[in-house]
Amino acid sequence: MAGRFPPVVRLVALAGAGLLLAGFFAVPRGGREVDVPLTVQKFAFSPPRVSVAAGDRVTFRIRSLDITHGFAVEGTGVDATILPGREVRVTVQAGRPGKIRYRCSVICGPLHPFMVGEIIVEPNRWPLWGGGLMLVVGFLASAGLARPGMRRDLLRWRPLGWLLTRRPFQFALIAPNLLVFTLIVLAGLVGTATGAMNVSTIFVWLAWWGLLVLVLIPLGGRAWCAMCPLPAPGEWLARGAIVERRMRGWGLGWPWPKALRNLWPAFGGLLLLVLFGLVVTTRPIVTAALLLGLAAVALVTHLLFERRVFCRYLCPVGGLLGVYALAAPIELRARDLDVCRACRDKPCFRGGAGYPCPTFQFPGSGLMRNTYCLLCTECLKACPHDNLALSLRLFGADLRVSRGARADEAWIALLLLGTALAHSVIKLGPWGWIKSWANLDGPVEFLFYSGLFLGAVLGVLPGLHLVAAWLSRALAGAPSLRLGKLFVAYAYALIPLSLAAWMAFTLAVVLPNLSYIPRVLSDPLGWGWDLFGTRETTWTWVPLGLLPWAQLGLLLAGLWGSVRAAREIVRDALGEAEAARRGLVPLAGFLGLLAWAFLALYLG
Amino acid sequence: MAIKSAERLALAVVLAILVGVPAAVFSYQALRSRPDASGEIFLVARTVEHGGWSPARIVVKQGQTVRLRILAEDVTHGFQLLHFGVNAGAIKTGTTKVVEFTAERAGEFPFYCSVRCSPLHMALMGTLVVEP
């Protein structure tokens, strides 16, 4: 058994175990009284982080330099209000080693939800022994046996098959979302400009985004696309019907230009969206304008061009979902490809009893990966042979399908990973300067920030990825392989880890701000309404004790999935088994390094 | 070609949503802003940069008991009306405070924000008009 692993791998595993053990020998040396003068100002604490020893008593003398702020410490009952012109003393007992976050608890402006500071209680061994765990997990993932893909067809359960083939099914999914969408856009346009008190920002970026990233994507892939209200009006008009199948609609049905038949438009949209992420997610009016703008583009493109080209090529969220859907444990595929080949009319693709596939997929040959399947269920309705299966499968199954690997998808995967890292620094980190740079406070600062952001996300990270691909090729001794091809193929291995990192990030953004939801339910526009008697709900911590564990678990699971996928991808790309074993080392190392960077950022 | 009933129903639902939501929001707001029996006046505090007091001018009758419900809309504000000895203290963002006083004297009286709220905090002023 041990003979299967090269010495270097065994050494790495040993080092991992060593680090893990070292974590258990923590010697508290605290007991001091630590005095910290702390100033607060939109949207940062200064100093942003203090380092003390376990057992110390830390007394903060807090002064506000501008307006009223709050000072609430995670895991304690401490919640002080800092009025301008008055010093407030707060004492915090630094108990267990690790990171204690404190945050502003009185809404002070758009970036208020991200106004945090940190107390590092030494010896903080989270990064050390978390890193050790990562080495162990990465090692195990690269060594274990691959299981054959298993599938379980959900449509064998008759009631589900019946439900999905009803024509009003999709409309029943869209209608509630259209209701919420209408309220959100209205609230964004005419409601309060305070993001934390407007249903548009809270519901889009807390409730919708949280559910999307934490539940819908990991379990359902692109399932959101089946219920998304944004393209619906355009599609209804183009079809000339909301529910029924009509042969003639009002759309012009032009073919989409060949040069744009890829995900680069979606990539561009996504890049803009994440670059302005801090502004978009904290301003109700920008949120509403974004949603309205996307809906308007969808309306126009669906009236002019055939099918759902907006969802297929343009939608930035669609690009994100398409890439992550590769890892989802659900898929819609043909049961028997021979039946499709023999099928003369191919109504799933050309239209028949149901509408033709809105994203030009033919289950009989092209639909081998989830990326472009909207799960809209039209093919189920169209197929005369009952030849479609909606199957549960293992996580990450599509990542091994090398056919159809494309540069546009690979770059979206890289962009998403880089953005997860960048937004973790900007939104969750204690550094106020980068928050205000990203907040469009000044044109010059924003240019600096753009340079940093784009340099990191489009330069440094893809550069490291390229180095990993180059090293992999060199170690495998296969210089004839094209580096660009490896670069693209290897990017798919990043997907599980980047999804896991987004989940860890989203948990840390959503949980501390959950208590805004009851308020906006009662007062969606911030106009002083009190529909359910919950408008005066003040902000409170939700218990976050398990958050570090959840983040660590997610990152480990993501690393596991990524290394597993990397193994298959590398073997596929390099061919020979021994070369693949050596070629995997740089990619797995890169993945481990990334996972550790997230861990160090969240818990270090 | 006859439109099927499911199609008609769906169209009705869509129109109900697109028209109904704005209609419901605006009519509920109109209903709320009508002066009710308690005579409570709703006053919104915003920083000067975002429009200041709304309304900036409150008109009452002399001798009337005035009940103000003050909402701090963007950041924490305060409310003070020195001529009637009213000081609400700090009103945290998103919360309301109620002050009550009797408008005994006629005239125009300024009210201010009492908690620093922006660089233009000092300019955040409104007027109470007490008509004889």
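Biologist: What should I know about the numbering and the chain letters?
Modeller: Residues count from 1 along each chain as its sequence is written, and chains are lettered from A and ligands numbered from 1 in the order in which they are written. The model is predicted, so local features need pLDDT of at least 70 and side-chain atom pairs pLDDT 80 or more, while totals for chains, interfaces and linings use all residues; side-chain values use heavy atoms, without hydrogens and water.

Biologist: How many residues make the contact between the chains?
Modeller: Chain B gives 34 and chain A gives 40. Contact means heavy atoms within 4.5 Å.

Biologist: And how many salt bridges cross that interface?
Modeller: The rule finds 0. It asks for a side-chain nitrogen of Lys or Arg within 4 Å of a carboxyl oxygen of Asp or Glu.

Biologist: Which part of chain B supplies the largest share of its side?
Modeller: That is α1(B), with 15 residues. Helices are DSSP runs of H or I, at least four residues, numbered from the N terminus.

Biologist: Now A:Thr192. Buried or exposed?
Modeller: A:Thr192 is buried, at a relative accessible area of 2%. Buried means under 20%, exposed over 50%, partly exposed in between (1.4 Å probe, protein chains only).

Biologist: Where is it in chain A?
Modeller: A:Thr192 sits in the loop between α4 and α5.

Biologist: What does A:Thr192 touch, beyond its neighbours within four places in sequence?
Modeller: Its contacts include A:Trp527, A:Pro284 and B:Glu73.

Biologist: Last topic: how many residues does α8 of chain A have?
Modeller: Helix α8 of chain A has 12. Its buried residues include A:Phe267 and A:Leu270.

Note on methods:
Helices (H or I, at least four residues) and strands (E, at least two) are DSSP runs, numbered from the N terminus. The expected span of a helix is 1.5 Å times one less than its number of residues.
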